Amino acid sequence: MSAWRRFLTPAALVWLALAVLLFVLLAVRETVHDPQLREAGVKQASIVPDLWLPVFQFGGSTYLDIRGSDDLRVLTFGLTPAVVSDSPNPAAGGDQAGKPIRVTLGWFALFMVIIEGLLGLRYADRDEKLFRPLVRAAGIFLIIWSFYGHEPFWDWLLHGIFPTSPDLLYNSNTVISLAGQHLTLVVISSVLTVAIGLALGIMVTRAEFREFLPLVSDIVNSGQTVPTLAIVAIMAPIIGFGFWPAIVALILYGLLPVVRNTIVGLEGVDPAMIDAARGMGMTPSQILWQIEVPNASRIILAGVRTSVVINVGTAALGAYVGSGGFGNPIASGLNQAIQPWVLLGAFSAALLAILLDYILGRVEYVMTPKGLIIER
Amino acid sequence: MIEFQNVVKQFPDGFRAVNGLSLTVHDGEITVFIGPSGCGKTTSMRMVNRLLGITEGRIMVEGRDNRDYPAEELRRKIGYAIQQIGLFPHMTVLENIAVVPRMLGWEEDRIRKRVDDLLDLVGLDPDVNRDKYPRQLSGGQQQRVGVARALGADPPIMLMDEPFGAIDPITREVLQDEFLEIQKRISKTIIFVTHDIDEAIKMGDRVAILREGSLVQYDTPDTLLARPKNRFVRDFVGADRQLKRLGLLRVRELMMKDSPVVNLRQSADDAKRAIESARAMSAFVVDEDGVLRGWVDREGLRENPDSLLDAMNEGDFREIGVRQSATAREALSAMVARGFRITPVVNEKGVLVGNITLRALQELAEQGWVEGEQAS
């Protein structure tokens with residue numbers, strides 16, 4: 001009995017509830033309203049997707065190829081997806097090479113119940129600070145990503161909100177393609193932002209470069225005062241249209257929270273601790289990486305999280321220079337007065353921001369040294 | 001051995017914190033640097049491991065100019081403990097203590113054993129405390145870990161900057177006593193900075209009194225109290241320096257064995273003869289094990305000439321005697337409180353080992369007083 005109680009941790013129970021919900025929803029078959037989907041032969045579908053795991057050639061959305069997306073490789077992280085079928089009918093893909101193993105999301109949620117339960121048994125009396133948060137974050141990412149890959153779900157959602165609208169889904173790209181583009185923009189710009197921001201923040205808190213602190217502060221502050229759209233517009237003639245001007249704009253815009261939090265975090269480290277470290281014979285780089293950065297990590301990571309979430313929103317503006325992402329349906333929808341497209345872009349981007357915030361929150365928890373969180 | 005040779009420290013703003021300091025810190029001794037704020041005591045200490053640079057003169061550490069060592073190598077040879085403790089909160093107790101041994105490339109097994117030994121030494125149970133984080137420890141426990149960390153790689157020299165300064169008075173006394181016990185076993189060469197004269201007298205084998213960057217007097221605590229060199233030192237050590245001095249002396253070192261002793265089984269006549277032959281006023285009475293049971297005086301023997309048991313004043317050795325390990329100050333206080341001119345000295349089991357007289361204590365204090373007056 002007590003083993004069961006340890007197995008069914010609160011998190012495992014939440015996954016269990018989610019699994020039940022997904023199985024119930026699986027039984028609900030919706031009539032598809034989007035003209036493009038209907039034209040492709042999809043008339044009836046469940047709103048619950050299959051698990052999206054293209055990396056392992058495992059499952060994957062069977063609706064992926066319906067518009068012959070060019071971005072297939074980007075989406076599948078460079079690997080050919082399991083289902084590349086000319087046939088719009090999912091069932092027809094079955095006989096071809098790379099036959100997909102379809103796993104409905106409910107089974108995945110049940111799998112997560114088992115994983116959470118086993119972790120619960122394994123680490124019953126300890127706060128486990130690595131596997132549990134990361135496994136949870138990965139599970140939630142896969143669930144949401146699977147929904148991005150399931151066009152009938154978006155059809156159902158948009159039809160529910162705009163029952164009279166003739167257009168529902170964005171006409172020039174799939175939701176998952178847009179999500180892939182958007183995520184790529186955010187991830188690449190964030191990685192660069194963090195690298196540049198950390199380097200700047202560390203540099204200006206060193207004694208040798210401290211005189212640059214006000215200058216760097218001013219620059220990163222002004223980066224955020226200039227409207228993003230203006231930065232994007234200025235970058236386009238210099239770098240050209242497409243992916244990179246958007247990345248530059250996102251970096252300039254996202255730098256402030258990272259640099260500011262790095263400075264605040266490093267300046268906030270107890271000087272007595274640094275004095276003790278010096279007195280013990282640690283070199284300046286040992287003091288930086290073994291003492292200062294770990295103790296400032298919480299504040300630095302909070303800055304990274306803020307920066308990434310801001311980036312999800314600003315990346316939507318990249319559509320104006322042709323970088324793709326959820327900005328595309330928003331911009332086109334506004335131009336052509338097609339409300340479902342605007343909502344599709346906005347809702348998906350918001351969902352992505354929430355998802356990334358949650359994942360980074362878990363990462364922040366994992367990376368913050370235990371000694372800084374622990375209670376007496 | 002640490003030798004200061006005409007050491008000068010001038011800060012960039014022109015302030016001379018240390019002005020031609022010359023003194024020798026002897027091996028295996030605790031040398032206390034004391035003086036009012038701004039006297040240069042901490043500055044002098046911090047020049048030893050080159051946390052501060054030397055403007056003029058030099059400091060010899062174990063026969064070599066300390067500027068001949070690479071700074072980090074020098075510091076790893078010198079234990080460093082500070083008032084703010086400066087434990088690294090993101091590291092466990094073990095990791096904190098292991099910092100210097102790890103930098104010196106010790107094997108993990110050796111480090112683990114060393115950490116356990118050190119925790120034992122400072123009175124913390126290794127099994128309970130090894131994997132705790134600093135936040136889980138009380139202030140006193142943290143400072144014990146701080147001392148253990150300073151001793152980490154068994155450095156021959158230690159610098160301690162008011163290590164017990166931020167701890168409540170009761171715990172401070174305990175830590176001071178414990179540290180003196182530890183020092184008896186490890187015999188490190190220690191520079192100990194404090195502003196508390198009582199701590200200086202208690203902890204120091206020698207005390208250096210500094211004023212405005214110069215050495216005023218460098219002597220053993222006893223000499224310092226008995227013969228303060230000038231008015232400044234006399235004021236600094238305080239008006240009760242005679243009493244403080246008695247606090248330095250143990251009864252064991254002052255006691256005499258000139259008082260007559262009689263056994264409980266002896267007769268009243270035996271007691272009378274013993275007192276008369278010693279030309280004393282009274283005799284101590286012990287039992288067959290030598291344990292103090294009371295005393296008998298001439299008056300008592302006159303009133304009860306037939307029975308020693310009737311003539312004597314019985315008393316428990318804890319109430320009428322003083323321990324040989326007590327300080328002269330405690331003995332004086334006991335005598336004043338009980339109105340005795342002579343008091344028996346006993347060991348831990350109550351066995352009479354000698355006696356101490358009020359006159360002897362007075363003479364001791366007077367001698368210092370006269371010498372001190374003549375000196376100034």
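## Interface of chain B and chain A

The contact draws 28 residues from chain B and 24 residues from chain A. This is a predicted model. Together, chain B and chain A bury about 2200 Å². Carbon and sulfur atoms account for 61% of that buried area. On the chain B side, B:F88, B:H90 and B:R135 lose the most area to chain A. Those residues together make up 27% of what that side buries.

How many salt bridges does the rule find between chain B and chain A? It finds 1. A:D275 pairs with B:R46 in a salt bridge, with the closest N and O atoms 3.0 Å apart. Polar contact joins 6 residue pairs between chain B and chain A, counting pairs with both residues at pLDDT 80 or more.

Several elements of chain B each supply at least two residues to the side that touches chain A: α2 (71-76), β6 (78-82) and α4 (99-103). By class, that side of chain B divides as follows.

| Class | Residues on the side of chain B that touches chain A |
|---|---|
| Nonpolar | 14 residues |
| Polar | 7 residues |

Now chain B as a whole. Chain B holds 19 helices and 17 strands. Its C-alpha trace spans about 85 × 55 × 35 Å along the principal axes. Of the 376 residues in chain B, 52% are buried. Chain B exposes about 17400 Å², and carbon and sulfur atoms supply 45% of that area. Take the contacts in chain B between residues at least 6 apart in sequence: 61% of them join residues at least 24 apart.

Conventions. Residues numbered from 1 in each chain as written. Chains lettered and ligands numbered in written order. Predicted model: local features only at pLDDT ≥ 70, side-chain atom pairs only at ≥ 80, totals over all residues. Heavy atoms only, no water. Contact = heavy atoms within 4.5 Å. Buried area = accessible area lost by both parts, 1.4 Å probe. Salt bridge = Lys/Arg side-chain N within 4 Å of Asp/Glu carboxyl O. Polar contact = N/O pair within 3.5 Å; in protein donor to acceptor, adjacent residues only side chain to side chain. Helix = DSSP H or I, 4+ residues; strand = E, 2+ residues; numbered from the N terminus. Nonpolar A, V, L, I, M, F, W, Y, C, P; charged D, E, K, R; others polar. Buried < 20%, exposed > 50% of the residue type's maximum accessible area, 1.4 Å probe, protein only. Areas by Shrake-Rupley, 256 points an atom, 1.4 Å probe, with all protein chains shown as cover.
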